[in-house]
Amino acid sequence: MSDDSMEPKKEAHKVPRRNLEYGHLGLDASVPIIGLGCSSFSTFFWSKQERVKRVLHKWTPEDMDRNHAVVQEWIQTILFAIQECDITLLDTAPWYGHGTSEVVIGWAMEELLTEESTITREDLVINTKVGRYEADPENMFDFSRETTLESVQRSIERMKCDYINVLQLHDPEFAPTLDVILNETIPTMMECRDNGWCRALGMTGYSLAVQYQILQASLDTHGSSVWDQSLVYGHFNLHDTSLFSQPLPNYCNGGSFYDFCHYHSMTLLAAAPLSMGLLTRSGPPPDWHPATQELKNACKEAAFICAKHNVDIATLALLQALSDPRIPCTLLGMKNIDQVKTAAKVAARFDRVTGMTDPQEIMKQVMTEDEWKVMEILQDLETGPFASVQQDGQYKWDGVKQAIDFWDDVDGIESDAWQYRENTQAEF
């Protein structure tokens, strides 16, 4: 068991690294076990108080003030994560802040990648996405060839990064048709890779079933050389481990999404270990969170159990997420230096488990006795707080329903209900 309380205090901890299982991404041989999720460099998660306080300032990519205190804090957070904690993998998207996140990364790169710096562009992994863009529902999603090409060039210019490491298809379950993805978006992304604008191609979205559907269909259409990486979110945390445990229908006698990616030599990353705020002391976030009330209540009960044993649920959730070596890097949104320090301190516990492969044994090594005691309570599928949601399938939310409902509310745009859902069978 870990005795984290006895560790000498340090200003910053270096985040341990894991070797990549597959070496075809144009990346270093290893990545930090925590990556910097850059959606925090936007107004997306501001409280009502923050919005009122800062309403007079323009928060757009074109008008954002580089010298504003908030923007400077974001820039310094990126620099601190890279320089002090060795968090060298950044993940962003044009959707995050509708461009502000990419602009902030670019300003950080201007300060970081100087002639005097010991860090070079090749030391960094900078990933972004295509497909999701604006706040206006009619312009939020665009999977066309023209927009994809424009977006990639704009992202490189904004981030001042010369090239993108992994260019990812963003939330494809929201595409109006499967045809536009197979016949426009994917071929254009492959062209971007051929042009050297990116080193590798990936996909990210909530629905594992839809990712599987698109991956299989694109393999059939374009061959095995399309995809290098998958990024999933919300499916490997305290209440949902379906990334490894949920069988994919019609695939290898019920293999999981992890099994599918492993078979096709795709690197697999995970995000949202705190389940977009559900697994925090403050409890479920506002109404925008797509989880059912039953799941929100279960997470609230889990947080109460943690507090009763003087355990921080967010720390516990992060320790669990980092304990499976099949995931080389877990993305975590961190909006300031204090949050980076906190996460890096948790990650530093994994320095002592080099070479171990069993997630349960790793958790025992990195957790304190109280943390492990609480973990056993939370994992109990008969009496634990997540027992009920596991039994009735409410441990996750319906990402495909979100997509279908979205298009139903957009006037003048037709969408095929093409998406595969977990509770149906389909042949691809």
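**A colleague's note: barrel strands and helix packing**

1. Let me start with a helix pair. Ala302, Ile305 and Cys306 in helix 10 meet Val374, Ile377 and Leu378 in helix 14. Sorted by class, this contact of helix 10 with helix 14 has six nonpolar residues, no polar and no charged ones. Please keep in mind throughout that this is a predicted model.

2. Two packed helices are described by the angle between their axes and the distance between the axes. Here helix 10 (residues 293-308) and helix 14 (residues 369-379) pack at about 155 degrees, and their axes are 10 Å apart. Since angles over 145 degrees count as roughly antiparallel, helix 10 is therefore roughly antiparallel to helix 14. The crossing of helix 10 past helix 14 is right-handed.

3. Eight strands close into a barrel, with parallel pairing, and their order is 3-4-5-6-7-8-9-10. On average, neighbouring strands of this sheet are turned by 30 degrees against each other, direction ignored.

4. On one pairing, strand 5 (residues 125-130) joins strand 6 in the parallel sense over three bridges, and Val130 has Leu169 in strand 6 as its bridge partner. Strand 6 also pairs with strand 7 (residues 198-205), again in the parallel sense, over six bridges; there Ile164 stands opposite Cys198 of strand 7.

5. Finally, a residue I would like you to look at: Thr148, which lies in helix 5 (residues 145-159). Is Thr148 buried or exposed? Thr148 counts as buried because its relative accessibility is 0%, and the cut-off for buried is under 20%. Leaving aside neighbours within four places in sequence, Thr148 is in contact with Val130, Tyr133, Phe143, Thr185, Thr188 and Met189. Val130 in this list is also the residue whose bridge partner in strand 6 is Leu169.

Notes: Residues numbered from 1 in each chain as written. Predicted model: local features only at pLDDT ≥ 70, side-chain atom pairs only at ≥ 80, totals over all residues. Heavy atoms only, no water. Axes fitted to C-alpha atoms, helices over the stretch in contact; angles between N-to-C directions. Helix = DSSP H or I, 4+ residues; strand = E, 2+ residues; numbered from the N terminus. Parallel < 35°, antiparallel > 145°, perpendicular 65-115°, else oblique. Left-handed = near helix turned anticlockwise from the far one by under 90°. Contact = heavy atoms within 4.5 Å. Nonpolar A, V, L, I, M, F, W, Y, C, P; charged D, E, K, R; others polar. Pairing = 2+ DSSP bridges. Buried < 20%, exposed > 50% of the residue type's maximum accessible area, 1.4 Å probe, protein only.
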